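Please open the model in your viewer and keep the selection tool at hand.

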Amino acid sequence: MTKFGHKDLLGMRQLSVQEINLILDTAESLKAISARDIKKVPTLRGKSIVNFFYEPSTRTRTSFDVAAKRLSADTFSLSASTSSMVKGETLVDTARNLQAMRPDVIVLRHPSSGAPHMLAREVSAGIINAGDGINEHPTQALLDLYTIREKMGRIKGLKVVIMGDISHSRVARSNIIGLTKMGAEVTLSGPPTMMPIGIETFGVNVVADPAEAIWGKDVVMVLRIQLERQTRVLFPSIREYAAFFGLTREILQGANEGAIVMHPGPLNRGVEITPEVADGPWSVILDQVANGVAVRMAVLYLLIGGAKGDNVDQGRRSD
Amino acid sequence: MITWIRGGDLIDPVRRKKEALDVIIEGAKVLRIVPHGGFQEEGPHIRQIDASGKLVVPGLIDMHVHLREPGHEYKETIATGAKAAAAGGYTAVACMPNTDPPNDCRAVTEFILEQAERAGLVRVYPIAAISKGQAGEGLTDFGDLKAAGAVGLSDDGFPVVNSELMRRALEYAAFYGLRVISHCEDRALSAGGVMHEGVVSTQIGLAGIPDASEDIMVYREISLARLTGKPVHIAHVSTASSVQLVRRAKEDGIPVTAETAPHYFTLDHRRVMKYDTLAKVYPPLRTPEDVAAIKSGLREGVIDVIATDHAPHSPLEKAVEFDKAAFGMIGLQTALPLTLELVREGVLELTDAINKLSWAGASILGVPGGRLVAGGIADLTIIDPDYEYVFEPDRILSKSKNSPFIGQKLKGIAELTMVGGRVVWEKE
């Protein structure tokens with residue numbers, strides 16, 4: 001009987017273990033809707049959800065859109081190129097204008113860390129952080145946790161390795177916070193140029209060498225390498241990155257039997273992950289995408305479905 | 001007309017004394033300083049100011065402010081900055097040249113002095129640019145700038161990247177007795193950074209500015225001062241390593257002086273946790289260990305000066321995403337109470353604190369004031385060290401309100417500020 005008492009979902013940092021479990025449990029009960037013939041329930045009928053994306057995104061944006069529509073909410077999309085941002089309007093002004101149209105939730109993707117936190121202070125609509133700068137991407141972490149729990153039956157006690165550019169990855173940050181909160185044992189691996197100062201304070205191990213890091217792990221999470229960062233001397237070449245830091249079948253063999261491979265997408269095949277690994281039986285990459293819809297339905301439901309503070313069981317009954 | 005400031009405790013930051021003395025002022029000068037009861041005249045030509053229970057100190061001198069005029073008058077003008085200075089207990093401020101146009105020629109220096117004259121409050125000392133347009137290429141006309149009234153040289157806001165140019169600046173400036181003030185930042189290392197690089201930047205996903213970006217340039221300036229034998233002043237020291245570098249340099253007899261600002265001994269990087277742009281400043285708020293090192297540096301005299309780096313910004317620059325916000329915070333009205341906090345904590349003796357707020361900066365820049373002596377200028381501040389208040393926005397006289405201390409309880413305030421025998425500020 002946990003309550004979800006938040007107006008916004010800003011990050012994994014703000015969630016308790018109970019709240020994370022509540023979201024995952026809710027997602028589980030909502031996942032079935034997507035498998036039905038008529039993939040729609042009236043739960044959020046009359047609610048308005050704005051997808052406000054300052055950065056290009058296909059997967060996350062579509063996922064939120066599908067999630068909202070399956071719950072019968074009305075969705076509206078704004079992107080940096082169609083919004084007044086290009087006319088020089090500030091984020092706060094744009095948000096206040098949106099607020100005047102009384103949306104229930106604003107889903108924000110923004111290149112500045114902390115932008116959703118600022119918005120949450122300015123508007124009464126619920127804010128869902130769909131990725132802010134290099135800070136957090138909580139719904140990605142939640143769908144990753146969901147997928148791990150679904151595939152492995154638990155999260156607590158699992159050995160998880162996250163590989164790649166930890167410094168500049170909001171997916172990594174949210175997953176590190178989420179996984180450690182849920183009791184997983186987290187190891188980070190990647191070039192030292194991409195390992196942020198003080199990361200050990202998150203309660204993780206750092207093992208630079210990927211083969212060594214993967215050894216004995218249950219979950220291998222590969223991050224997308226942002227090719228444009230090459231100009232910032234973080235690594236010498238894509239070729240070298242692929243050769244020394246990419247996930248190959250060979251090093252994957254060191255993982256535990258039944259280990260799964262995850263990737264938030266989009267894939268750079270042949271860079272951080274070989275096609276063979278991405279498409280192999282261990283890969284749960286497409287499950288992640290499917291679960292993304294269920295988790296986002298759960299988040300929307302918990303934020304604006306029924307009265308604030310409803311618990312799941314009441315929620316289920318009202319379906 | 002004679003002004004008699006009676007009953008107060010007079011601070012002499014040079015002799016490091018606090019004594020029960022009255023100050024008698026005639027015109028713009030101090031006439032006499034006498035023990036309580038040593039002056040008895042009365043009459044209509046005598047104005048008495050009761051300072052009993054208060055501190056009477058030489059007018060505070062801030063060697064590092066940004067007054068934004070010319071060019072950014074929507075943030076601050078020389079008049080509004082001077083008003084905030086007077087209310088903060090300052091009788092003189094030295095303003096940095098990063099205006100628009102920058103103060104890199106006689107015309108701008110003279111304009112600043114004219115505007116200060118018009119404001120008629122505190123003394124305003126222009127610091128001129130080291131390089132033309134603060135572009136880091138050719139030197140400005142040091143001689144002409146000095147003749148126009150500039151008291152120091154700095155490319156503050158923009159580090160001088162070219163080490164040879166910096167070397168020549170030190171050598172050439174010494175000929176005119178102008179101190180070169182260095183903003184120490186290796187911009188290749190700090191590029192893209194918006195806060196201190198450390199545990200907090202990692203936690204909240206903001207790009208970091210490593211402490212090394214400051215330390216490297218501090219060492220370069222020390223090295224150039226050693227090479228040339230010419231003095232250099234390090235602006236806004238914020239890191240433990242910089243304190244250590246300056247400490248060693250001083251032990252080695254290298255002519256280096258240094259300043260820090262109250263936010264570097266009061267706040268640390270955790271203040272940024274909620275992406276509060278009011279706490280975004282360059283150099284960034286560092287770690288608690290750095291804060292402790294800054295305090296030791298102040299106590300041991302490694303850091304000579306407490307300056308404000310008063311940097312007004314409007315909501316246009318601050319009510320935006322953290323990484324897009326401007327660096328800087330105002331400080332003229334909070335420096336005194338925050339420095340007195342160090343005295344209460346036992347970090348500094350009161351006389352040392354006043355020294356760092358007045359005499360030290362005056363002697364580095366070679367400007368008058370910084371101590372009260374018979375025959376000297378009558379620039380002074382009466383401080384009520386026990387006055388407690390919440391720092392509300394309506395107290396702020398600066399045109400901009402970008403202070404991270406808003407809403408905080410402060411203790412100690414300037415009750416009266418006098419410049420050249422004239423009262424320019426009196427607390428309600």
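In this predicted model, begin by colouring the two parts that the domain assignment gives for chain B, namely domain 1 (2–56 + 376–426) and domain 2 (57–365). The C-alpha centres of these two domains of chain B lie 26 Å apart, and their contact takes 40 residues from domain 1 and 50 residues from domain 2. Between them the two domains of chain B bury about 3600 Å², with 64% of it on carbon and sulfur atoms.

Next, look across this interface for charged pairs, where the count is two salt bridges. Select D379(B) and R123(B), whose side chains meet in a salt bridge at 2.5 Å, N to O. On the side of domain 1 of chain B that touches domain 2, the largest share, eight residues, comes from β18(B).

Now turn to the largest nonpolar core, which has 93 residues, and select V93(B), V122(B) and V124(B), the members that touch the most others. If you centre the view on V122(B), you will find among its contacts Y90(B), V93(B) and V419(B).

Finally, select Q134(B), in the loop between β9 (123–128) and α3 (142–148) of chain B. Is Q134(B) buried or exposed? Its relative accessible area is 8%, which is under the 20% limit, so Q134(B) counts as buried. A polar atom of the Q134(B) side chain lies 3.4 Å from the backbone oxygen of D156(B), and other residues in contact with Q134(B) include P97(B), S154(B) and F158(B).

Definitions and conventions: Residues numbered from 1 in each chain as written. Chains lettered and ligands numbered in written order. Predicted model: local features only at pLDDT ≥ 70, side-chain atom pairs only at ≥ 80, totals over all residues. Heavy atoms only, no water. Helix = DSSP H or I, 4+ residues; strand = E, 2+ residues; numbered from the N terminus. Buried < 20%, exposed > 50% of the residue type's maximum accessible area, 1.4 Å probe, protein only. Polar contact = N/O pair within 3.5 Å; in protein donor to acceptor, adjacent residues only side chain to side chain. Contact = heavy atoms within 4.5 Å. Core = buried A, V, L, I, M, F, W, Y, C linked by side-chain atoms within 4.5 Å. Domains from an automatic or database assignment. Buried area = accessible area lost by both parts, 1.4 Å probe. Salt bridge = Lys/Arg side-chain N within 4 Å of Asp/Glu carboxyl O. Lists of a residue's contacts leave out its neighbours within four places in sequence.
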